[in-house]
Structures are given as C-alpha cells and as structure tokens.
Amino acid sequence: MALLSIIIAPDPRLKRHCAPVERVDTTIRTLMDDMLETMYEAPGVGLAAPQVDALKRIIVVDIAKKDQPKQPYRMANPELLWVSDDDVTYEEGCLSLPEHYAEVARPARCKVRYLDHENELRELEADGLLATCVQHEMDHLDGILFVDHISTLKRNMILRKLVKTKKSGTAAQEPAREPARAL
Ligand code: K1U
Ligand code: ZN
C-alpha cells in the first residue's frame with residue numbers, strides 16, 4: 001500500500017467532477033486501499049478520490065474510534081437513494097482544508113447504493129457521523145467542499161487564511177497556483 005499526497009485548498013483540482021468507475025478491478029481496489037491508508041495516517045474519518053488527484057467516483061469512510069475495531073467502507077459510484085427530511089448539524093473538517101472547521105447542516109439520515117471493493121452492489125443506511133461523512137465525501141466527487149454550505153462571509157474568512165498559510169508555506173502540501181476564488 002502507498003501513502004498518497006492530499007491536495008490542499010485552494011486548488012482547482014478540488015472543483016472538478018469525477019467520472020464513474022466502470023468496474024472495481026485490481027487497480028481501483030489498490031486505489032481504495034491506498035486512500036484508506038492515507039486517511040488513517042492523516043488522520044481522518046473519510047477521503048474522496050479527487051483529494052488525492054484521482055478523478056474517479058470513489059470514497060472511503062471509517063468513523064470507528066481509536067479503541068474500536070476498524071470499520072472501513074470502500075465505495076465506488078455512491079448514489080444517494082434517499083435522504084431524511086430532518087437535518088442535523090455537525091462541526092465538519094476536511095483534510096483538504098486543514099485546521100478549519102464549520103457547522104454544516106445536512107440530512108440526518110441517508111441510504112446510499114455503491115459498488116464495494118469486490119464490485120458487489122451494496123446499500124447502506126447511515127445516520128449520525130456516518131451519514132454526515134458519506135454526504136461530505138460524495139460532495140467532493142462533484143467539486144463541492146463543506147465551505148460551499150456555509151455563509152459567504154465565513155467561507156471567505158477560511159479562504160483568506162488558507163491562501164495565507166499556503167503563501168507562508170507552513171501547511172501547504174501543494175504550491176498555491178490559483179487565487180482564493182478557485183477553492
Ligand atoms: O477530508 C475529508 O473529507 C475527511 C474529513 C471528513 C469529515 C469530517 C467531519 C465531518 C464530515 C466529514 C475528515 O476526516 S476531517 C478530520 C476529522 O474529522 C477527524 C480526525 C481525526 C479523528 C476524528 C475526526
Ligand atoms: Zn473533505
């Protein structure tokens with residue numbers, strides 16, 4: 001397995017739409033495993049393929065706590081079949097926006113259909129942090145970041161800080177090439 005480099009915002013590569021996976025073969029399985037390893041190392045509870053510069057509809061999620069057994073989900077072509085009418089608000093973070101957090105409201109529960117690491121079609125009913133995390137990661141596949149769900153004022157504050165951090169070179173893993181609007 002390999003550790004992958006996580007793209008830090010602002011970066012236009014985080015704004016792209018990802019293409020569906022035709023089938024989950026050995027290459028896709030390896031990408032899923034590398035994404036999981038990268039997520040555990042970060043550490044994080046989810047990761048989407050565009051964050052590691054792969055334009056494929058793949059996400060990985062594991063919300064298990066340190067003292068619990070790992071419970072990884074590897075999902076290709078995740079589709080929301082159903083979301084609840086009621087929302088829940090979580091303080092979200094993102095490995096592509098390090099050290100920035102904001103409260104985001106999303107449907108409290110959802111049902112998702114996806115292809116697993118063995119190319120089997122599966123469905124998952126999620127609630128709590130799992131539902132939030134799956135929806136956050138699915139947003140990445142369409143170029144949407146958690147800051148796109150908050151006020152322009154808060155988004156711009158985070159943006160400005162990210163640009164400043166990139167310029168100072170303290171937390172950047174990728175060179176800053178675009179102005180803040182490219183977040
Ligand atoms: O970059 C990402 O998309 C991963 C992100 C997922 C997420 C977190 C919170 C709400 C929704 C989605 C993260 O994992 S940020 C890091 C984080 O939340 C965390 C890190 C260590 C332990 C527990 C959580
Ligand atoms: Zn994220």
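Which polar side-chain atom lies 2.7 Å from an oxygen atom of ligand 1? In this predicted model, that atom belongs to Glu-137.

His-140 contributes through its side chain, where an N or O atom is 3.4 Å from an oxygen atom of the ligand. Taken alone, ligand 1 exposes 530 Å², and the protein buries 77% of that area.

## The surrounding shell

Ligand 1 sits in the largest pocket, and 14 residues are found around the ligand, of which Val-45, Gly-46, Gln-51, Leu-95 and Glu-137 come nearest. By class, this shell is made up of five nonpolar, seven polar and two charged residues. Helix α2, spanning residues 128-140, gives the most to the shell, with five residues.

## Strand pairing

Strand β6 (residues 109-115) pairs in the antiparallel sense with strand β3 (residues 73-83) over five bridges, and within this pairing Lys-111 of β6 is the bridge partner of Trp-82. Strand β6 also pairs in the antiparallel sense with strand β7 (residues 121-127), here over seven bridges, and Val-112 has Leu-124 in β7 as its bridge partner.

The hairpin of β6 and β7 has five residues between the strands, and in this hairpin Asn-119 takes a positive phi near 65°.

Key:
Residues are numbered from 1 along each chain as its sequence is written. Chains are lettered from A and ligands numbered from 1 in the order in which they are written. This is a predicted model: local features need pLDDT of at least 70, side-chain atom pairs count only at pLDDT 80 or more; totals for chains, interfaces and linings use all residues. Side-chain values use heavy atoms; hydrogens and water are left out. A residue is near a molecule or strand if one of its heavy atoms lies within 4 Å of it. A polar contact is a pair of N or O atoms within 3.5 Å; within protein, one must be able to donate a hydrogen and the other to accept it, and residues adjacent in sequence count only if both atoms are side-chain atoms. Accessible areas come from the Shrake-Rupley method with a 1.4 Å probe; for residues, only the protein chains shown count as cover. On a 1 Å grid over the protein atoms alone, a cavity is a set of points where a 1.4 Å probe fits but cannot get out, and a pocket is an open set with protein on both sides within 12 Å along at least five of seven lines; lining residues have an atom within 4 Å of a point. A molecule sits in a cavity or pocket if more than half of its atoms lie within 2 Å of its grid points. Helices (H or I, at least four residues) and strands (E, at least two) are DSSP runs, numbered from the N terminus. Ala, Val, Leu, Ile, Met, Phe, Trp, Tyr, Cys and Pro count as nonpolar, Asp, Glu, Lys and Arg as charged, and the others, Gly among them, as polar. Two strands pair if DSSP finds at least two bridges between them.
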